[in-house]
Amino acid sequence: MKLGFFVSLKIMMTRYFSYFFLLQVLFACGQPDVTISTPDHKSYTIEVIVPDLEIPWGMAFLPDNSLLITEKEGQLIHFQNGQKITIQNVPNTYVRGQGGLMGIAIHPNYKDNNTIYFTQSTSAHSDESGGNTALYRAVLKDNTLQNVSLLYKAKPNTKKGVHFGSRIVFDNDGYLYFTIGDRGNRDVNPQDLTRDGGKVYRLTDNGKIPTDNPFVDVSNAKTAIYSYGHRNPQGMAKHPVTGEIWTHEHGPRGGDEINIIQAGKNYGWPKITYGKNYTGTVITKNKALPGLEQPLYYWIPSIAPSGMAFVHNSAYADWNGSLVVGSLKFNYLERLTFENNRVVYREKIANEIGRVRDVVLGPNGFLYLAVENKGICKIVPNP
Amino acid sequence: MRFIFLIILLSTSSLAQQSSGDSYMRGQMLYVDFCVRCHLPDGTGETGLIPPLANADFLQDIQATVQSIKYGTHGPITVNGVIYNNTMAPMGLENDEIADVTNYILNSWGNTADVIVTEAYVRGIKETK
């Protein structure tokens, strides 16, 4: 049956070149299959440097090489000189489902202003029950947060337990980008510019809306929005050479995506997707539509990506130029290499290490993984 | 004698299902929001990674079941003879929601239970470490 189909297809293609052309157009949105490799020789050793963490959600290095770690349950930890110190005065976290204390970043000029940023789900700043993602700024002094200010709070609150987004990244111009997922309301939030959720946001470092944000002139739009049509972006990184902001996002069943974020663009969720419902039923038959961005790469099956870092000027000569992404589902770090923004190679690093929630390239050129129920692990190249 | 006992058991079971119908329906919505990504719509999980719920022997211990939803699981558990050494974070559900989702799990995909888990029962379940 299947063979017959291909035979007739072949005849068709040889006879009618135009049919062939049509087929090419139809499959243009596909991507070449790049099967993931699992190298059996290991060029590295894994060291647990911060043990005994439950869900270390985010990490950020300070200039003195000490490390800030968010625990999803609501603790902000400062790991310094081999000690875990709990930072005081963190606002209350609304812990529900996937929500908690999540993203963390330091100001590009932290050396002078000691300013940090974090995202968490909160029920505060609203009379409604439930919670939603919020972005905070604070000054870190003597392991206490001072001048804590709320820069953004997504509305409305909801008791839904999914898709809080929450990564935070600065670009080369000093703008702050952060993500909020669709909060389990996919048919309402991601495509509506007047609603929060399913968006990448851009603010100045003090929380103001940049005057050239793409939707500042759109009536009733949430003007902090920079791009939309996202499902749940939980990986974001600045490209070390081009300065572009890259994200990945969780798809449903299949269809996790890597995207390069551009002002005002619509990344399609849920109008287009390479994934299906968890039940296996179809969300939409459309994988591509005019005006909607195609992902740079998509994963089938889903790896449940979390955390993202570019390997650049690193301690691993062979890995420079690649992108690394944590897999919550399959318990490894995925390394991808590119040619002309197409993925040409994928491999598993730290296979079976556990649920990789975050990955950062430290100031010393080493990769650090935040692994659930384990801790922070450093990848050390073998001599 | 044994036959009569069986009939009583069956009738209480169907009675239980009837009066827990609302809880079951609420539990289904919570399952879709909080559980389905990993345990999947048919409760089969993924062998070696995510324990199944459908026909899982683990669920015969209702106290352990509620405990794992309320406080999460840490470290190895054995389900249907397979060891799962993973962590499930507590979902932050209210006690009444935990009762609902437990009732849903205990009565779905071929699972049947002849008890209804109540909010009061969940409240009484403490963490053991």
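Residues are numbered from 1 along each chain as its sequence is written, while chains are lettered from A and ligands numbered from 1 in the order in which they are written. In this predicted model, local features need pLDDT of at least 70, side-chain atom pairs count only at pLDDT 80 or more, and totals for chains, interfaces and linings use all residues.

Visitor: In what order do the elements of chain B run from the N terminus?

Guide: Helices (H or I, at least four residues) and strands (E, at least two) are DSSP runs, numbered from the N terminus. Chain B has six helices and two strands. Their order is α-α-α-α-β-β-α-α.

Visitor: How far apart are the end C-alpha atoms of helix α2 of chain B?

Guide: The expected span is 1.5 Å times one less than the number of residues. Helix α2 covers residues 21-34, so its 14 residues should span 20 Å. The model agrees, with the end C-alpha atoms apart by 20 Å.

Visitor: Within what arc do the buried residues of α2(B) fall?

Guide: A residue is buried if 20 or more other C-beta atoms lie within 10 Å of its own, exposed if 12 or fewer, and partly exposed in between, with C-beta atoms placed from the backbone. In α2(B), the buried ones are B:Ser23, B:Gly27, B:Leu30, B:Asp33 and B:Phe34. They line one face of the helix, because the directions from the helix axis to their C-beta atoms fall within an arc of 115 degrees.
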